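Dear colleague,

I am handing over the structure below, and my notes on it follow directly after. Please read them alongside the coordinates.

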Amino acid sequence: MIGYFYLAAAVFFGILSNNFAKISNGYEKFIPTSLSAISIVIAVFFISKVMKFLPMGIAYASYAGLVIFGTFILSIIKFGQNPNLYGILGCGLIILGIVMVNALGK
């Protein structure tokens, strides 16, 4: 179960890094750029901890998919971006894939 706690932390910091990357204006603003770099290093630290408890493929697939989905949701809530049908369907398939990998991939 601790592996999933580490996974949640890695996902949080991965999404946070993407948020700071967006507001850094193409890495032109020093503080958001620095925070993006720091948060991605923390995310990688936690994903390395996850791999002690889950197989690497399952750990990284779950991390990547959840960061994509979380960033997708963040873009809607914080930045007012409107996804089209294909974006919504694609993210739904990502979530389905994460569930399948974790439930059936072991």
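Of the 106 residues in the protein chain, 31% are buried, where buried means under 20% relative accessible area, exposed means over 50%, and partly exposed lies in between, with a 1.4 Å probe and protein chains only. Please keep in mind that this is a predicted model, in which local features need pLDDT of at least 70 and side-chain atom pairs count only at pLDDT 80 or more, while totals for chains, interfaces and linings use all residues. Residues are numbered from 1 along each chain as its sequence is written, and side-chain values use heavy atoms, with hydrogens and water left out.

The secondary structure of the protein chain consists of four helices and zero strands, in the order α-α-α-α from the N terminus; helices (H or I, at least four residues) and strands (E, at least two) are DSSP runs, numbered from the N terminus. Taken along the principal axes, the C-alpha atoms fill a box of roughly 40 × 35 × 15 Å. Among contacts (heavy atoms within 4.5 Å) between residues at least 6 apart in sequence, 65% join residues at least 24 apart.

The largest nonpolar core has 15 residues, of which L7, V11, F46, I47, V50 and Y63 touch the most other members; such a core is a set of buried Ala, Val, Leu, Ile, Met, Phe, Trp, Tyr and Cys residues joined through side-chain atoms within 4.5 Å. Helices α1, α2 and α3 (56-77) each supply at least two residues of this core, and α1 gives the largest share, seven residues. Leaving aside residues up to four places away in sequence, V50 touches G3, Y6, L7 and A59.

L89, L93, L96, M100 and L104 make a nonpolar surface patch of about 530 Å². L93 is placed in helix α4 (residues 85-104) and is exposed, at a relative accessible area of 53%.

Finally, the loop between α1 (2-23) and α2 (30-50) contains N25, and Y27 lies in the loop between α1 and α2 as well. Most residues other than glycine have a negative phi. Phi of N25, however, is positive and near 60°, and Y27, also not a glycine, has a positive phi of about 60°. N25 counts as partly exposed, at 46% relative accessibility.

With best regards

Technical notes: Patch = residues over 30% accessible without salt bridge, like charges linked within 9 Å, V, L, I, M, F, W, Y side chains within 5 Å. Areas by Shrake-Rupley, 256 points an atom, 1.4 Å probe, with all protein chains shown as cover. Salt bridge = Lys/Arg side-chain N within 4 Å of Asp/Glu carboxyl O.
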